[in-house]
Amino acid sequence: MLKALLARLNQGHRTAVGIPEALPDRTLGRPRFQPARCAEGCSECARVCPTAAIEPGKTLDLGRCLFCGECARACPHGAVRFTRSPGMAVRRRSDLVLAGPELQLAEALDEQALRLFGRSLRLRQVSAAGCNACEADVNVLGTLTFDLARFGIDFVASPRHADGLLVTGPVSQNMREALLKTWQAVPAPRLVVAVGACAIAGGPYFDHEQTCGGTDGLLPVDLYVPGCPPNPWTILDGLLRILGRVEGPGAG
Amino acid sequence: MRPEILSFPEFSKRLTGRHLAALMGLPGRSGSVLMMAVTTPGAPEPEQEASACPPGGIQLPATVVEGAYPSLTPDHPQAHWFEREFFEQWGVRPEGHPWLKPVRFPQGHPGLTDFFQVQGEEIHEVAVGPVHAGVIEPGHFRFQCRGEEVLHLEISLGYQHRGVEQALPGASPGRAMAYVETLAGDTSVGHALAWCRNLEALAGVRVPPRAEVLRAVALELERLANHCGDLGALAGDVGYLPTASFCGRLRGDLLNLTALACGNRFGRGWIRPGGVAWDLDAVRAEQMRTRLGRVMKDVREALDLLNRSGSVQARFERTGIVTRQVALDLGLVGPAARASGLALDCRRQFPWGPYLQPPFPVCTARVGDVASRAQVRHDEMEVSARFLDGLLSSLPEGPVRTEMKGLASKAFSVSLVEGWRGQICQVAATDTQGNLLACKVVDPSFHNWFGLAVALRGQQISDFPLCNKSFNLSYCGHDL
């Protein structure tokens with residue numbers, strides 16, 4: 001017992017106060033997409049993109065992006081650049097399809113939903129063919145660095161105790177029914193959070209017949225968190241934004 | 001390497017005493033299938049363990065099958081899961097297989113299947129999953145119990161099937177990397193490494209020494225983070241919260257060391273064909289070394305608490321035992337095999353780069369219980385941390401990537417990498433044009449799921465979470 005207390009002292013206080021302005025220096029955060037810089041006929045970015053997320057000169061679909069950074073390396077005109085800003089979760093799927101440098105970050109839920117969930121949000125997590133990276137970085141929010149519970153957010157074992165689902169993975173055909181049944185077991189009003197490129201649009205598995213290509217069309221998604229996997233700070237930023245606890249553009 | 005085509009009895013005989021790393025099919029002439037095994041030397045006898053694992057010795061016995069063939073499983077229990085997979089993929093029936101049913105249910109409805117049932121008045125059945133209580137991947141567990149005692153556990157997977165293995169050969173180079181880095185997301189480095197080593201072998205490209213060292217850094221960081229997380233989770237499963245809480249944080253700190261090198265906490269984008277995409281400059285290497293030293297100091301303190309707690313050890317010891325013979329028969333790999341006394345480790349058996357000299361130490365235990373599986377992880381963390389410290393303080397000079405070339409035509413390559421869960425086996429074959437024709441992926445979990453089922457026999461059902469965590473297997477790595 002004494003040893004445990006001593007260890008507790010040695011290990012110190014590790015809980016971070018707020019969401020950092022910038023991720024580590026080699027980590028790719030929110031991209032700045034400037035299609036105005038694209039040269040006529042150039043498609044270097046699209047050639048290297050593993051998930052067909054870019055239409056040169058037009059759009060970058062952040063929902064499909066795996067953050068491999070190949071486009072930024074291939075682009076001779078600086079049209080794609082990744083900042084270190086963690087904030088990039090949005091409320092609508094269409095907000096992830098960037099046509100310029102602006103990204104409409106997630107707004108808070110409406111007043112009624114905030115009254116219900118603002119101080120206590122219980123989520124049931126469903127991995128639907130997630131590779132365990134998104135799952136791991138959702139799990140890590142429970143560790144003392146992030147301490148998710150201090151914001152009133154918690155993961156629960158039963159969908160009947162939950163206010164919503166947090167879905168990861170491209171939704172394999174073999175998990176489709178289980179996901180929908182879990183959703184039906186959550187009492188309304190309920191939220192859906194899609195975490196990671198797979199849950200948003202299928203990730204690398206977007207056109208596989210064995211998957212549904214993400215949650216879109218299956219469930220009404222209230223928050224999209226891009227990444228492969230999203231950094232834990234990106235997930236936390238998104239959750240806090242819909243609860244109205246983080247506002248503004250964030251760094252970037 | 002080339003497969004050696006043998007008669008069926010000769011093929012079966014050649015599996016005796018060997019570890020079955022993979023069993024795969026290749027299309028043969030006029031509807032037949034070439035069944036090929038990748039075998040590696042079996043575990044050395046216990047008394048030889050100090051000088052265990054002579055390097056090398058891969059064999060590729062093969063035989064032609066069509067329609068049906070006599071099942072290998074009665075003579076070679078480690079073929080059990082592989083034969084079910086082979087039947088599912090190629091439709092060739094192993095006659096006399098004791099429990100022939102799908103492993104991934106690619107046609108859908110994975111829950112709708114006959115489960116092995118124990119009959120009797122006091123027998124009851126417990127069904128768990130696919131959606132579990134925690135933040136964890138889906139799978140179905142069917143327990144046959146008498147009271148609290150588990151008589152039999154059947155594990156039914158396939159919920160995570162994404163069709164990745166069959167998509168690999170035709171994928172663009174960038175997409176193939178995304179596939180292998182998400183085969184099992186917690187083993188992004190291990191699978192990416194196995195993939196790249198196959199491509200390099202097929203292209204005849206040699207990776208620069210500095211890149212090989214950085215690859216070993218990535219692989220060992222992945223092992224450290226996962227072992228640390230597992231030990232914390234084991235502590236959490238028996239309600240010992242100090243270590244659970246410390247290790248949860250420390251695992252994150254270890255993932256952040258990988259992010260320091262390549263930006264991604266899981267090492268995605270670091271390993272690339274021809275070498276690595278991110279170098280470590282001297283300042284960064286020193287920073288990593290210092291931070292690693294600090295993390296390991298805290299890890300030691302957290303694990304010391306765990307090891308000294310009588311109530312924890314009482315729950316760990318004699319729980320979920322897999323004997324040496326059972327581990328050998330089932331062909332277990334990784335820490336689960338080493339905890340049962342099998343001195344098998346690809347870093348020792350198939351060394352490359354910095355693993356070549358001196359021979360890499362293999363950590364084993366004897367009992368094969370939860371305590372042994374925890375101890376092996378603990379010991380391996382110490383070995384990896386020491387090894388990493390050495391690598392980071394003497395990185396060889398030079399480039400970190402060489403230009404890739406086209407792949408040789410009609411060639412064949414096997415890659416064996418010791419991921420943190422154990423032996424990762426990937427096989428790649430090319431056609432006459434030098435395009436990838438077929439790929440085979442065997443995640444260590446594929447070998448070990450049956451080990452977990454056997455570990456539960458005679459246990460209290462309430463020990464399932466603890467036993468499960470002590471294996472901590474991948475669902476998507478199995479389901480592909």
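At what angle do helix H4 (residues 173–181) of chain B and helix H5 (residues 188–203) of chain B pack? In this predicted model, the two helices meet at an angle of about 135°, and their axes lie 8 Å apart. Angles over 145 degrees would count as roughly antiparallel, and H4(B) and H5(B) are therefore described as oblique to each other. The contact is formed by B:Ala176, B:Met177, B:Val180 and B:Glu181 on the side of H4(B), which meet B:Ser188, B:His191, B:Ala192, B:Trp195 and B:Cys196 on the side of H5(B). When these residues are sorted by class, the contact of H4(B) with H5(B) has six nonpolar, two polar and one charged residues.

The interface of the two chains was examined next. In the predicted model, 53 residues of chain A are in contact with 61 residues of chain B. The area buried between chain A and chain B comes to about 4400 Å², and carbon and sulfur atoms contribute 53% of this area. Of the area that chain A buries against chain B, 19% is supplied by A:Gln11, A:Arg26 and A:Asn174, which is more than any other three residues supply.

On the side of chain A that touches chain B, the elements that give two or more residues are helix H1 (2–11), helix H3 (70–74), strand S6 (121–127), helix H5 (133–139) and helix H6 (173–185) of chain A. By class, this side of chain A has 25 nonpolar, 17 polar and 11 charged residues.

Over all chains, the count comes to 41 salt bridges. Within chain B, the side chains of B:Glu85 and B:Lys440 meet in a salt bridge, with 2.8 Å from N to O.

In chain A, a cis peptide bond joins A:Cys228 and A:Pro229, with omega of about -15°, and A:Pro229 lies in the loop between strand S10 (223–225) and helix H8 (232–242) of chain A. In chain B, the peptide bond from B:Gln357 to B:Pro358 is likewise cis, with omega near -10°, and B:Pro358 is found in the loop between helix H12 (346–349) and helix H13 (370–393) of chain B. A:Phe67, although not a glycine, has a positive phi of about 55°, and its place is in the loop between strand S3 (59–61) and H3 of chain A.

Note on methods
Residues numbered from 1 in each chain as written. Chains lettered and ligands numbered in written order. Predicted model: local features only at pLDDT ≥ 70, side-chain atom pairs only at ≥ 80, totals over all residues. Heavy atoms only, no water. Contact = heavy atoms within 4.5 Å. Buried area = accessible area lost by both parts, 1.4 Å probe. Helix = DSSP H or I, 4+ residues; strand = E, 2+ residues; numbered from the N terminus. Nonpolar A, V, L, I, M, F, W, Y, C, P; charged D, E, K, R; others polar. Axes fitted to C-alpha atoms, helices over the stretch in contact; angles between N-to-C directions. Parallel < 35°, antiparallel > 145°, perpendicular 65-115°, else oblique. Salt bridge = Lys/Arg side-chain N within 4 Å of Asp/Glu carboxyl O.
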